[in-house]
Amino acid sequence: MSNLKTKELSKMGYTNDQARSLVINTISKHYKHHTTTEITELLTQIINNPENYLDHKHLGKIAETLTGKTKSRDFEAFSLSAQPGPYKVYGTKEIDTGAKKQMELAMSLPVAIQGALMPDAHTGYGLPIGGVIATHNAVIPYAVGVDIGCRMSLSIIDESASFFMRYSHQIKQALKNHTHFGMEGSLDIQPYHEILDSPVFNETEFLRRMQGKAARQLGTSGSGNHFVEFGEIELFENNSMKLPAKKYMALLSHSGSRGLGANIAGHYTQIAVERCRLPREVQKLAWLDLATEAGQEYWISMNLAGEYAKACHDTIHQTLLKSLGLQTLTNIENHHNFAWKEKSANGNEMIVHRKGATPAHQGEMGIIPGSMTAPAYLIAGKGAELSLNSASHGAGRAMSRTKAKQNMTASALKKLLNNAGVTLIGGSVEESPMAYKDIEKVIAAQKDLIEVQGKFLPKIVRMNKD
């Protein structure tokens with residue numbers, strides 16, 4: 001609240017220059033959405049009982065200047081274990097040394113029980129993308145990732161390739177009209193989904209503030225490798241959906257929880273880093289104890305973000321298919337960038353974080369995409385204990401986005417697309433197929449983890465244009 005005056009603060013009892021300066025800065029930064037009445041009441045409570053606010057995250061410093069006391073110690077320092085915990089690497093030849101080093105550091109956390117590194121793994125922030133880590137009663141926001149609940153969704157449609165030839169123009173128009181990509185913005189006609197009325201939005205003040213943004217961004221997709229695409233899927237014999245083995249038209253999407261997930265990740269990572277002091281090289285892997293209030297808040301927020309990501313995909317699929325007069329035979333979907341409560345081999349509960357990894361319990365269905373010209377694979381998990389019931393979440397990057405930009409031209413990308421018979425709407429050279437690992441090698445490296453039940457080939461792809 002920028003119009004807070006020092007004269008008004010003096011009347012309230014804030015006669016100390018340092019206290020007044022702190023009040024003005026704190027209120028304008030953390031309480032700008034509060035009313036004048038709410039702020040006046042809050043400041044009155046602080047001046048009357050400053051001791052009650054010594055431990056407050058934002059107001060503690062004001063209370064300290066009023067009382068002359070410092071807040072109680074509310075953090076704990078931890079050292080790394082001398083030896084990293086056990087973790088299994090799949091497709092080690094395909095994985096860069098930076099990702100392996102990150103995994104080793106993550107497995108040296110005192111809360112780490114077991115880990116696995118998927119064949120699409122590459123260096124990330126904190127935990128490598130493609131890293132899976134199980135902990136004891138602790139959740140690591142950065143081992144979940146920034147795009148909480150990022151997921152794949154595949155709708156199989158009872159139409160053949162001839163539909164593309166007859167209606168390619170209508171498909172392109174539908175993708176242009178009914179999808180939106182990028183950090184900000186919304187659809188022209190804002191959709192509704194019951195997730196927006198979830199009572200969980202009222203569980204914390206932080207989630208209440210996020211509800212409006214979630215409503216605006218419903219049914220939209222992010223930037224980077226997020227996509228919505230129509231293509232053709234070949235289902236193999238004895239597939240889990242019990243559908244005839246043949247080729248079908250399909251709609252495949254990849255995106256996450258938008259600004260809601262990103263804000264939850266940022267907010268609770270900051271709390272974790274403040275309360276869980278770790279050596280500098282693993283600082284981002286600070287955790288929240290699930291027995292604490294902050295740990296519980298993150299857990300319910302993460303689950304809400306996961307449900308919201310699903311709602312976005314459901315909205316995209318329903319809107320597109322309705323606009324084209326198409327019916328879904330079945331839908332398969334899976335999260336990555338999430339944490340689950342699961343049982344270890346000996347029956348103990350553990351928190352399994354999959355940052356860019358697909359859940360692959362026995363018989364569990366999932367989708368592993370390649371790139372805008374490479375196949376995506378429909379898979380069923382084999383429930384491999386050493387992989388913590390996980391598989392890769394894609395082909396994985398072979399080049400960073402910066403390197404891809406330096407090494408690929410728009411004309412070369414166009415040629416690749418033409419050769420593959422793929423139409424791209426939007427997109428950028430950063431997401432060029434050449435920037436990704438060979439999906440066939442990645443799939444081959446995890447034959448002990450998954451059974452392939454279908455192969456999807458992209459035809460018309462929609463992505464963010466940077």
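Me: I see that ring pairs link F206, Y268 and Y298 into a cluster. How do I read a pair of aromatic rings?

Reply: Good place to start! A pair of aromatic rings is described by the distance of the centres and the angle of the planes. Keep in mind that this is a predicted model. Here F206 and Y268 pair edge-to-face, with 6.1 Å from centre to centre and 80 degrees between the planes.

Me: Which helices hold F206 and Y268?

Reply: F206 sits in helix α8 (residues 205–217) and Y268 in helix α9 (residues 258–275), so their pair ties together parts that are 62 residues apart in sequence. Both F206 and Y268 are buried.

Me: How many aromatic pairs does the structure hold?

Reply: There are 5 aromatic pairs. One of them joins F163 and Y167: the ring centres are 4.7 Å apart and the planes lie at 45 degrees, so this pair is tilted. F163 and Y167 are 4 residues apart in helix α7 (residues 162–178), which means about one helical turn separates them. F163 is buried, at 5% relative accessible area, whereas Y167 is partly exposed, at 32%.

Me: And how do I read two packed helices?

Reply: Two packed helices are described by the angle between their axes and the distance between the axes. Take helix α2 (residues 17–30) and helix α4 (residues 60–67): they pack at an angle of about 170 degrees, and their axes are 9 Å apart. Angles over 145 degrees count as roughly antiparallel, so α2 and α4 are roughly antiparallel to each other.

Me: Which residues of α2 and α4 make the contact?

Reply: From α2 come Q18, A19, L22, V23 and T26, and from α4 come K61, I62, T65 and L66. By class, that contact has 5 nonpolar, 3 polar and 1 charged residues.

How values were computed. Residues numbered from 1 in each chain as written. Predicted model: local features only at pLDDT ≥ 70, side-chain atom pairs only at ≥ 80, totals over all residues. Heavy atoms only, no water. Axes fitted to C-alpha atoms, helices over the stretch in contact; angles between N-to-C directions. Helix = DSSP H or I, 4+ residues; strand = E, 2+ residues; numbered from the N terminus. Parallel < 35°, antiparallel > 145°, perpendicular 65-115°, else oblique. Contact = heavy atoms within 4.5 Å. Nonpolar A, V, L, I, M, F, W, Y, C, P; charged D, E, K, R; others polar. Phe/Tyr/Trp six-rings, centres within 6.5 Å; stacked < 30°, edge-to-face > 60°. Buried < 20%, exposed > 50% of the residue type's maximum accessible area, 1.4 Å probe, protein only.
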